[in-house]
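Hi everyone, thanks for coming along.

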Amino acid sequence: MSELHPAFLLWSAAALAACLRGRAGAVLAVAAPLAALALLPQAGASAGAWTAAGFVLEPMRADALSRLFAAAFCLAAALGALYAFSEERPLERAAGLAMAGAAAGICFAGDWVSLFLFWEALTMASLALIWGAGPRSRGAGLRYLLVHAAGGGALLSGLLLLRAADSPLAVSSLVSAGAPAGPAAWLILAGVALNAAVPPLHAWLTDAYPRCSPAGSVLQSAFTTKAAVYVLLRVFPGADILVALGSVMAVYGVVYAVMESDARRLLSYHIISQVGYMVAGAGLGTELGVSGASAHAFSHILYKALLFMGAGALVHCVGTAQLADLGGLYGRLRPVFWLYMAGALAISGAPGFNGFISKPLIGLAAEQAGWKFAATLLHLASAGTFLSVALKLPYLAFFGPERGKVSRPPTTGMLLAMGAAAALCLGTGLYPAWLYARLPFPVDYHPYAFGRVWGTLELLAGTGLAFWLLRRGMKGERGLSLDFDWFYRVPLASAVSAASGALQAAGAGAAYATAKAISSGAALLRERRPPSFPPVGESIMWLAAAFALAVLLSRASGL
Amino acid sequence: MSAPNGVPGAEFLFGLIGAGLLALLAKLLKVLGLRVAEKVEDA
């Protein structure tokens, strides 16, 4: 290879950052992603191939799609490191850089073997970031590992089937006649969908991300799901099932977000909702759909990082992100509020911000391709996004009766990172041509046409009125609504406990030690007192499945 | 069926009704599953 691969630059920096202490490590964690960002324009179409163990490896193949995603990953890593500048957490710094390197590696991988290696490296680095938050995240990390081992297994099985069939291992489309082409493609899709947090394979996200440190959540929000979206755009464009799944997950995430009382869990559900738009864009497979999903992924990485920075600032300053324990903080955290609101307006698609120039592309692509019901669901999710992220969360945290004591102010690094992220959201929103010129396909869309601006303002105003009328019913309530993690936190944990009990009864020595270890694992898996019946998530899932079927049927019937 | 476009006030009504329905749906599901939420205290 004649070029320096951004992943290797970032991984080298990760190794160094793990050893460095103090300001040197913090500066390195900000500078390395920016250096990798500077490398991207020079990344050529292909930097050559190696042959190893009979496989042709092509770890560096670049085009507009891969460059755009890699650029967003580098920006997110730099912003996350700036946010954590004054925190002395070398392991987290290293894990963040390693995640950025692995995610960039996925974007540039030209063959499945390289992609799989980067894919697993991303999982391991992400796990390190979760466990780096301390003992409180041990159970969530174990569950993350369990679920992603299953996803990685599905991906590997699909790749082995491809290999067995002598199919080429170059990363390319696996879609034929609107569906994944054969069992190998379906297995690969299952593995990728799990990382994209497509319901019902999504509960790992809302379980793990809120358990990270404030900076850890910021970094987590950028990489895993968006790297999966990149693979969907590269490998499964035009797979009809993704339109149904994506449009339903956009609404699913919003409904859960409206229910949630923990700010970081609420925002985690909104990752699922927003990734739904991108999954739908990949499923549409048209030029506008693919470009719209790419543009929205770029926008999303920036505004979601900003939103998690805001929620993380609450954790840092007040010690909690539970909305039931927060209120009236506006006077004491004014800069945090306004910077958070920039992210909230961006995710809501308000004119002037980057969500406004990217989100409508996917809805328009759905309408043009005849997926009208899917377009309606995506539009409905927009209203729900404004309702929960821009109205409910800030209303409960920053206004109303005073709750929560501000024990320390936000750090300078936090405010600088939030300011930079807000400036990027606003800059790309006000100057859409910059982003549109970097998309995989040309886009002829004028977001600031009067009708589009007016229609968006109407939608936001209608949603605002609905919130005002229903605001008393949206109070934060302490507690946790289990989702599909119920299945491995209750029945699976019980089964593991029973197996452990049987082993302990059977003998001593190694068997007893093994049984004790399994028992500890089961306790971590469960972590909390279990409910006696399936959670509310199951009823939402039945509704979601019905809606997904309706999307497919409405397309088939032309409604 | 698709998102309302072009008719004055249609987007306002879509936002009002859509957000209201989402909020009511979330409330209904929360009530149905409330006992679960009460039993599982966040650590």
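Let's start with helix H6 of chain A, residues 138-164: its 27 residues reach 38 Å from the first C-alpha to the last, close to the 39 Å expected at 1.5 Å a residue. That expected span is 1.5 Å times one less than the number of residues. When I say helix or strand, I mean DSSP runs, with helices being H or I of at least four residues and strands E of at least two, numbered from the N terminus.

Some housekeeping before we go on. This is a predicted model, where local features need pLDDT of at least 70 and side-chain atom pairs count only at pLDDT 80 or more, while totals for chains, interfaces and linings use all residues. Residues are numbered from 1 along each chain as its sequence is written, and chains are lettered from A and ligands numbered from 1 in the order in which they are written.

Now the overall picture. Chain A has 22 helices and 4 strands, and its C-alpha trace spans about 65 × 55 × 50 Å along the principal axes.

How much of chain A is buried? Of the 559 residues, 59% are. Here buried means 20 or more other C-beta atoms within 10 Å of the residue's own, exposed means 12 or fewer, and partly exposed is in between, with C-beta atoms placed from the backbone. In chain B, 40% of the 43 residues count as buried, and that chain has 2 helices and 0 strands.

Next, contacts: two residues are in contact if their C-beta atoms, placed from the backbone, lie within 7 Å. In chain A, 82% of the contacts with a separation of 6 or more are between residues 24 or more positions apart.

Let's zoom in on H12(A), residues 287-318. It packs with helix H14 (residues 354-368) of chain A at an angle of about 150°, with the axes 8 Å apart. So H12(A) is roughly antiparallel to H14(A), and their crossing is left-handed. For angles, lines are fitted to C-alpha atoms, for helices over the stretch in contact, and run from 0 to 180 degrees between N-to-C directions. Under 35 degrees counts as roughly parallel, over 145 as roughly antiparallel, 65 to 115 as roughly perpendicular, and the rest as oblique. Left-handed means the near helix is turned anticlockwise from the far one by less than a right angle, and right-handed means clockwise.

The axes of helix H3 (residues 64-83) of chain A and H12(A) come within 9 Å and cross at roughly 10°, so H3(A) is roughly parallel to H12(A). Among the residues that meet there are A:Leu68 and A:Phe69 in H3(A), and A:Phe298 and A:Ile301 in H12(A). Helix H11 (residues 263-284) of chain A packs with H12(A) at about 175°, with axes 9 Å apart, so H11(A) is roughly antiparallel to H12(A).

What about helix H1 of chain A, residues 6-19? It has 14 residues and reaches 20 Å. Its buried residues include A:Leu9, A:Leu10 and A:Trp11, and what covers the buried residues of H1(A) includes H2, H3, H4 and H5 of chain A.

Last stop, the loops. Which peptide bond is cis? The one from A:Pro199 to A:Pro200, with omega near 5°, and A:Pro200 lies in the loop between H7 and H8 of chain A. A:Ala197 lies in the loop between H7 and H8 too, and has a positive phi near 60° without being a glycine.

Is A:Ala197 buried or exposed? A:Ala197 is buried, because 25 other C-beta atoms lie within 10 Å. A:Ala177 also isn't a glycine and has a positive phi of about 50°, but it sits between strands S3 and S4 of chain A. A:Ala177 is exposed, because it has 7 other C-beta atoms within 10 Å.
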